[in-house]
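The points follow the structure itself.

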Amino acid sequence: MTTKVFGHKAPDTDSTGSPIAWAWYLSEIKGTPAKACLLGEPNTEAAFVIEHWGLEKPEIIADVAEGESVVIVDTNNPAELPASINSANVIQIIDHHKLTGGIETTSPIDITMRPLACTATIMYDLMGDDVAKAPRGVKGAMLSCILSDTLEFRSPTTTDHDRAVCEALAKDLGVDMHELATKMFEAKSDVSAFSDAELLRMDSKEYAVGGTSFRVSVLETTAPKMILDRKASLMGAMETVAKEDGVDQVLLFVVDILNEEATLLVPNDLVKGVAEKSFDATVAGDTVVLPGVMSRKKQIIPSLKV
């Protein structure tokens with residue numbers, strides 16, 4: 001039976017590239033037939049990475065079958081996984097997020113969770129000397145994952161080890177990291193083809209604070225004006241998206257990669273209160289700029305208050 005390897009819903013570059021890398025490792029090095037899968041269409045940056053490195057786009061799946069062997073990467077949150085995940089045979093989790101809880105397994109499993117910026121960095125360590133055997137596309141996917149998750153080392157989640165692994169992969173591949181990152185961020189920033197609802201869900205995670213449930217959406221871009229010019233329609237779509245997704249409110253943070261700041265859209269008094277209590281901000285209109293805020297994992301989620 002082939003093991004399915006996948007990350008979270010609304011797959012970004014790490015949840016697209018890391019399943020590809022680990023499926024290669026399991027199949028070609030460990031002798032365990034495996035294939036990468038996606039829980040939705042990859043975002044524009046991840047789609048660029050697939051094309052740039054000549055990779056095959058993984059199969060998109062909606063759910064998993066009872067007893068089916070799976071490896072979960074880049075998340076451990078059941079809300080970001082297939083509805084039937086607890087009936088599958090989860091054999092491994094590789095992640096760099098906080099422990100959420102809620103996944104049930106039929107037997108003890110192999111779990112690796114480390115405080116690094118990217119799942120691909122963890123995989124590089126787990127592969128050890130076998131990284132040298134990886135095809136160029138797999139190495140390129142891992143390099144791209146780290147550049148993406150660290151925002152080319154701008155993110156506060158970046159560690160010295162993430163940077164060292166990134167530099168080692170770039171040297172091996174003969175790649176200019178800045179040039180590659182620039183192309184990736186340009187691809188990520190082109191959101192013109194997406195509806196407001198698609199943008200609000202594109203890179204989002206569900207999170208509850210004090211009995212209030214949120215869809216916390218982050219759009220990382222080098223062209224924030226393209227998104228902020230749509231703020232009226234985006235805020236108008238928030239109520240519909242929240243209702244359809246079963247949450248109380250959508251929070252949208254537009255992260256300006258180059259200026260290293262985030263702009264939070266403020267459609268109502270609830271979000272105004274969240275901004276003021278969470279980030280010690282003064283809100284005077286329908287947006288508020290949060291200097292230095294770049295990371296949902298390290299700066300946004302831990303700070304949220306209602």
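How much space lies in the second largest pocket? This is a predicted model, in which local features need pLDDT of at least 70, side-chain atom pairs count only at pLDDT 80 or more, and totals for chains, interfaces and linings use all residues. Residues are numbered from 1 along each chain as its sequence is written, and side-chain values use heavy atoms, with hydrogens and water left out.

1. The second largest pocket holds about 260 Å³ of space, where a pocket is an open set of points on a 1 Å grid over the protein atoms alone, with a 1.4 Å probe fitting at each point and protein on both sides within 12 Å along at least five of seven lines. The volume is the space filled by probe spheres set on the points, which are joined across faces, edges and corners.

2. The largest pocket contains about 670 Å³ of space, and of the 36 residues that line it, His-97, Asp-203, Lys-205, Arg-296 and Lys-297 lie nearest its centre. Its lining comprises 14 charged, 13 polar and 9 nonpolar residues. At least two lining residues come from each of helix H2 (44–52), helix H4 (136–149), strand E7 (204–209), strand E8 (212–221) and helix H11 (296–300), helices (H or I, at least four residues) and strands (E, at least two) being DSSP runs numbered from the N terminus.

3. H2 also packs against helix H6 (residues 177–189), at an angle of about 130° and with the axes 7 Å apart; axes are lines fitted to C-alpha atoms over the stretch in contact, and angles run from 0 to 180 degrees between N-to-C directions. H2 is therefore oblique to H6, given that angles under 35 degrees count as roughly parallel, over 145 as roughly antiparallel, 65 to 115 as roughly perpendicular and the rest as oblique. The contact (heavy atoms within 4.5 Å) includes Phe-48 and His-52 of H2 and Leu-180 and Phe-185 of H6.

4. Helix H1 (residues 14–29) and helix H3 (residues 119–127) pack at about 15°, with their axes 9 Å apart, and are therefore roughly parallel to each other. Their contact involves, among others, Trp-22 and Tyr-25 of H1 and Met-123 and Leu-126 of H3, and by class it has 8 nonpolar, 2 polar and 1 charged residues.

Terms used
1 Å grid on protein atoms, 1.4 Å probe; cavity = no way out; pocket = protein on both sides within 12 Å on 5 of 7 lines; lining within 4 Å. Nonpolar A, V, L, I, M, F, W, Y, C, P; charged D, E, K, R; others polar.
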